Amino acid sequence: MPASPPPPVLRPKKTQPVNAHKEEEPISYDINIPYMDVNQETHARTRYPEYLPTWDKIWFDPLPPFTYEDPALRVTDKSKRNLLTPGAKVTEIQPRMGTVVEGVQLNQLTDAAKDELALLVSERKVVAFPDQDLIDDGPAAQEAFMSHFGKPNYQPVSGSVRGHPGFHIIHRDGNREEISRFLEQRTTTTLWHQDVSYEIQPPGYVMLGLLEGPEVGGDTVFAATDMAYK
């Protein structure tokens, strides 16, 4: 018997690309919902209006491959005495990952101490520094601090600080309408994700800062995925 012809291939119309969204509708993402500017009321009541997300249309040229020099490899003294000064208190959360360092202000670190910080993060995966003045120093100061550790990474699916596109802003206004929109797509407010693992050269170091949060809840959980291979 002759072979039957293959089924027709259905292609979207050129005027309606796959996954297209109507321009007037907000675009929803897992981490940052909704895809729209915050209102004036939010500006008025937040302690950090300069960190509120903006959604300016910005395009970036493709990032060409580059040679990355990890600052952790510059450290010769593994005791990290430039970073962990005598007044520092170090608490390990778990045997293989997670450390809390108290009594150290990141905005006062020397370049040698920043290199040692890179080594500590490489060893412990997640390092927390409570009560940091660097948050109050503003976005430009944080951007300058992180430039020591490598090139900025731009997140095209999130709001960013105006004038500082390297910031990935996770913002929840907390009003009922926002919560309702969020739960239209899921049955829980718990989210899990892995940052930009699809990139050829993903970020080597990431800084996460909590500006404002609830008194109860709002926890962030980290997992060492490399341990799955051991």
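Some ground rules. The model is predicted, so local features need pLDDT of at least 70, side-chain atom pairs count only at pLDDT 80 or more, and totals for chains, interfaces and linings use all residues. Residues are numbered from 1 along each chain as its sequence is written, and side-chain values use heavy atoms, with hydrogens and water left out.

Confidence comes next. pLDDT is the predictor's confidence in each residue, from 0 to 100. The protein averages 81. Of its residues, 81% score at least 70. Helices (H or I, at least four residues) and strands (E, at least two) are DSSP runs, numbered from the N terminus. Among these elements, strand 2, residues 99–102, has the highest mean pLDDT, 98. Helix 4, residues 176–183, has the lowest, 71.

Residues 6–22 have pLDDT below 50. Beyond near neighbours in sequence, that stretch has two contacts in the model. Contact means heavy atoms within 4.5 Å. Residues 24–34 are also below 50, but that stretch has 32 such contacts.

Two strands pair if DSSP finds at least two bridges between them. T99 has V127 of strand 3 as its bridge partner.

Next, helix 3, residues 139–146. P139, Q142, F145 and M146 are buried there. Buried means under 20% relative accessible area, with a 1.4 Å probe and protein chains only. What do they pack against? Helix 2, strand 4 (159–161) and strand 5 (164–169).

Last stop, R124. It is found in helix 2, residues 111–124. Is R124 buried or exposed? Buried, with a relative accessible area of 7%. A polar atom of the R124 side chain lies 2.6 Å from the backbone oxygen of Q94. For the backbone oxygen of M97, the distance to a polar atom of that side chain is 3.4 Å. Leaving aside neighbours within four places in sequence, R124 has contacts including E92, P95 and T99.

Terms used. Buried < 20%, exposed > 50% of the residue type's maximum accessible area, 1.4 Å probe, protein only. Polar contact = N/O pair within 3.5 Å; in protein donor to acceptor, adjacent residues only side chain to side chain.
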